[in-house]
Amino acid sequence: MIELLKNIEFEPFLISFKLAGITTLILFFISLPLAWFLSQSKSKLKPFFEAITALPIVLPPSVIGFYILWALSYNSPIGAFFESTFGIKLVFNFTGLIIASCFYSLPFMVQPLQGGFEGLNKNMLEASYISGKNKLTTIFKVALPNMKPALLTALIITFSHTVGEFGVVLMVGGSIPGQTKVASVAIYEFVEIMDYTNAHIYSAIMITLSFLTLLGVYIFNGKQKKVFSGFDK
């Protein structure tokens, strides 16, 4: 077993974790105002925006990957602009993976944050406004510290979901060693060439990491519920 582990290339895992970390960070700052708006809005258009945000959950990854690939390619206005103006190609590189992952993982960040905002005591928010705090201060100094389980869930689930992405990243980034070959793509390639030994090892590592991550989230959330229930008493 030790000999098998010595022969493992950990580069695909490092690329996966790097991609997940950057995507999670970007999505946090994008999703925070969006989740706040959705939680506070009483507009008739709110269900429309919620449906748009949740689309990546129900759409096949191939559909999302195809349209992102088309939008970022040189044949599209966006791709042509970046390549002709800045010399930047947005497909089959790490930049393209980040853009694709941000679209695909968006609802996994937005929905837990929205649920956390909606579960806050409205009187607490109103008290913050009355004391002279603006919306930005209220979000960071009042709302987020009082919704730690939702915040942690959003960050961890987004990170884990990005690590496990396959279809979208394969279509947009391909499988370039050292650049876009993530762990899920490496497993797929092992199965293609019938190298089941390495496929088992890579899959076992992914299962273990995913389980430990989720276990940590549930343990933390359970402790937080006990703390808040203690306050209620």
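This is a predicted model: local features need pLDDT of at least 70, side-chain atom pairs count only at pLDDT 80 or more; totals for chains, interfaces and linings use all residues.
Figure 1. Residues are numbered from 1 along each chain as its sequence is written, and side-chain values use heavy atoms, with hydrogens and water left out. F17 and F159 form a stacked aromatic pair, 6.3 Å centre to centre with 15° between the planes. For such pairs, the rings of Phe, Tyr and Trp (its six-membered ring) must have centres within 6.5 Å; planes under 30 degrees apart count as stacked, over 60 as edge-to-face and the rest as tilted. The pair links distant parts of the chain, 142 residues apart: F17 lies in helix α2 (residues 11-40) and F159 in helix α9 (residues 148-163). F159 is partly exposed too, at 28% relative accessible area.

**Figure 2. F10 and F13 form a tilted pair.** The structure holds 13 aromatic pairs. In the pair of F10 and F13, the ring centres are 6.3 Å apart and the planes make an angle of 45°. Is F13 buried or exposed? F13 counts as buried, at 4% relative accessibility, whereas F10 is partly exposed, with a relative accessible area of 45%.

**Figure 3. The charged end of K18 sits over a ring.** Which ring lies under the charged end of K18? It is the ring of F94, with the charged end 4.8 Å from the ring centre. A charge sits over a ring if NZ of Lys or CZ of Arg is within 6 Å of the ring centre and within 35 degrees of the ring normal.

Figure 4. The protein chain has twelve helices and zero strands; helices (H or I, at least four residues) and strands (E, at least two) are DSSP runs, numbered from the N terminus. Along its principal axes, the C-alpha trace spans about 60 × 50 × 30 Å. Of the 233 residues, 39% count as buried. Among contacts (heavy atoms within 4.5 Å) between residues at least 6 apart in sequence, 73% join residues at least 24 apart.

Note on methods
Buried means under 20% relative accessible area, exposed over 50%, partly exposed in between (1.4 Å probe, protein chains only).
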